[in-house]
Amino acid sequence: MALTLLSHELSDLCIGKPPLRCLSVATATVADAIAALKSSDEPFLTVWSCNHDEKTDDNDKCECLGKICMADVICYLSKFDNNVLSLSSAFDASVSVLLPKSRALVVHVQSSCSLIEAIDLIIKGAQNLIVPIHTKSITKRRQQQKLLKRNVVVSLTNATSTTHKNSREFCWITQEDIIRFLLDSISVFSPLPSLSISDLGVINSTHTILAVDYYSSAASAVSAISRAILDNVSVAVVGKGCDQEDPCMVLIGEISPMTLACCDETAVAAVATLSAGDLMSYIDGSGPPESLVGVVRNRLEDKGMVGLISLIDSLSLSSGSSSDEESPAGKTRMTSSYGRSVSSAARMARKSVAIVCNRKSSLMAVMIQAIAHRVSYVWVIDEDGCLIGMVTFVDILKLFREFLDDEN
């Protein structure tokens, strides 16, 4: 049974996967990235070395350099002085400034890559595996129609494309995709799924350092958020326990990069003015409370942050006119902070409530929890709500990989 599972190739997981939307590092700016992200139902875009607007040598390599989301934009803008000129230069910068320094987060593989090889790559640090999409040849007329349609899409999505040289397209496989696939054959790993995460030794305490106090400034959490993006986890928002003799960090909630990814760039104003606890409420899936919107505005004015005030005002005007044009009957789309459209899948992940389990939770229960909530981790707490650590998809894959080695 294990041999049958390991015989699968990544092409088996690519069926039905949409082609990746791409930005060219040679031409795209931060402003282009923001516009493309806001026009997409997906939280991530990929950035590539090739230039889709110009004819390039067939020998030139078309390589994915990384992925970006609105959380990257928010962390990037948080570094700038809050004046109009400074923020303007930030938007004009190359999209490359949004890319993480680590290139190992996205890895190119062939569709014939084995499942076990894919697991090994993820254990080594890959978050996404870039796989070429192989399609059957079609007639010249259909190719022209397809290309025309894509050109329309490119113009609408501001510098994005799904097609590379020689009409190639790519999709990606995520950690979640592999966990879902393994879950269909979970009996192969018996008795692991029924054992507790404590007995299996799969609780990871490394990421507990990515924690901020509930009352600390949200701005102080920016570096932790950036690290959480790299680690594909989240930042814990904690408070102090009642026991003075044995102090612990009580898990209150989280600031998730995936939650921030569903906001728009004006969330940087909330990061600059609110506490970590208030930021959780501001970016929650139901949208920012009007009271907090007012608090953000007042604090921006008190601090003289004219750049962020100008940014919010300009987007409020544009979203207001867009809403009037697109919704004559008074109907509105589901929007996030200051008006970004988000997909139903993204809204599912857009909650500040931390997904938790305890030491005695079974591995199977934890896997189902993570998949049901579209996250790659589950926090582990004790009976008093104190933070112990987390279980991540990578931790689970390491466990399965060791099991398969022992079986062979």
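Q: Why is the disulfide of C50 and C62 right-handed?
A: This model is predicted: local features need pLDDT of at least 70, side-chain atom pairs count only at pLDDT 80 or more, and totals for chains, interfaces and linings use all residues. Residues are numbered from 1 along each chain as its sequence is written, and side-chain values use heavy atoms, leaving out hydrogens and water. C50 and C62 form a disulfide (a pair of cysteine sulfur atoms within 2.5 Å), with the sulfur atoms 2.1 Å apart. The disulfide is right-handed because the torsion about its S-S bond is about 65 degrees.

Q: Is C62 buried or exposed?
A: Buried means under 20% relative accessible area, exposed over 50%, and partly exposed in between, with a 1.4 Å probe and protein chains only. The relative accessibility of C62 is 6%, so C62 counts as buried.

Q: How many residues apart in sequence are the parts that the C248 to C386 disulfide ties together?
A: C248 and C386 are joined with an S to S distance of 1.8 Å.

Q: Which cysteine has the sulfur nearest to that of C22?
A: The bonded cysteines, counted along the chain, follow the pattern 1-2, 3-4. C22 is in no disulfide, and at 7.1 Å the nearest cysteine sulfur is that of C50.
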